[in-house]
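Could you look over the model below before we discuss it? My comments follow as numbered points.

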Amino acid sequence: MSDERARLLQLLSKTISDYRVGEVVSMTSDHIENWLSQFESKDQPVILQEMNFIMEKLYVSRQCAKLCVHEFLKWLIGSKKPEVVLSHIHFLHTNQSGNSQKEMLNLVDEILLENYGLNIASIDTHDIQNYIYMDDAIYTGNKMYHSLKESFEFLRHNNKLEKLIVYAIAIHTSGYKYAIQRIKNTYSKLDVKLYASSEIEDTRFSRSNIGILWPELTTEHSLINMYTANMYALDGQKLENNKIFRPSGYILQEKLFSSSQARRTVERAFLVKGIELIQGNQSQARSIRPLGFMKLTSLGFGTLFVTYRNIANNCPLVLWWGDPRYPVTHPFSKWYPLFPRQTNQW
């Protein structure tokens, strides 16, 4: 192993060191090497370099998450007394799958206790003026919409529902807009304010600052060609209307990768391996795409945003798919994940 490879492995290990700490295998250099070695040798140096480059920007440690939530609370409270402001606020917590909202509220309690000697339960709430929806990230927007709909169905029969504040460490632009539009179509008088610590552009258009994977159009790889043809046939789409690839010649304002060539290498490697994983497990739902969960006809959502708590299934399969604890005959044993997911449910 070269000194540069060892250095980059160690650097990435440090960046993602608190990922599900105590729950899964430690994010050591050896663990990362085991994952990296599954790709073609010619692609491995670029993948390792770019994972370092991207995770430094998109991986959110617990410390970073806490700082982000603290900034939101300072904005929310302003110069007023915290107990007065918070007495007119209701933090929404729904029964939707996952623990991200619960963890965010735990961070709120931790910050309030450390800085103001309060916690949510100790505040005497009355005359609610703002409802707050918190999550670590908004991806396609579906979870946010259904979570809010569940809350609103109860609240509108029991309270005056006029103002909503949405907070997330990261939002994906089109996913957030989609969720808010659906909410406003149902609750037209609702005033919605957004506070996000970061925004990831996921709208696919020329010269965009796109922050997700959007592979370039190719007809040179038989595996990709067969997969896309089969996907369109199953989803009832026409190949001539294909917009799932980035057309050749599209110029992006590159901010996710270190270069356009590095983007091409990683996108192609992640896509090919993702297709191979899907083909090895024919029983999974069609919405599990090579580049992540997506119900719409596509190659997948393609985000690379990861937090210490878990990785979303909207991320490329090569990052989270598989479990080496399964028997060698099981499809999950065929891939060693970098970020083992808390659940592997489709």
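**Notes on the model**

1. Cys 315 is buried, its relative accessible area being 0%, where buried stands for under 20% relative accessible area, exposed for over 50%, and partly exposed for what lies in between (1.4 Å probe, protein chains only). The closest cysteine sulfur to that of Cys 315 belongs to Cys 64 and lies 16 Å away, which is too far for a bond.

2. This is a predicted model, in which local features need pLDDT of at least 70 and side-chain atom pairs count only at pLDDT 80 or more, while totals for chains, interfaces and linings use all residues. Residues are numbered from 1 along each chain as its sequence is written, and side-chain values use heavy atoms, with hydrogens and water left out.

3. Cys 68 also counts as buried, at 14% relative accessibility, and its sulfur is 4.2 Å from the closest cysteine sulfur, that of Cys 64, which is again too far for a bond. A search of the whole structure accordingly returns zero disulfides, a disulfide being a pair of cysteine sulfur atoms within 2.5 Å.

4. The chain has eleven helices and eight strands, where helices (H or I, at least four residues) and strands (E, at least two) are DSSP runs numbered from the N terminus. For 346 residues a compact globule would have a radius of gyration near 20 Å, and the 21 Å of the chain agrees with this; the radius is taken over C-alpha atoms, and the globule rule is 2.2 Å times the number of residues to the power 0.38.

5. Buried residues make up 52% of the 346 residues. Of the contacts in the chain with a separation of 6 or more, 72% join residues 24 or more positions apart, contact meaning heavy atoms within 4.5 Å.

6. Arg 20, in the loop between α1 and α2, has a positive phi near 45° and is buried, with a relative accessible area of 10%. Asp 127, in the loop between α6 (100–116) and β3 (130–138), has a positive phi of about 45°, but at 58% relative accessibility Asp 127 counts as exposed.
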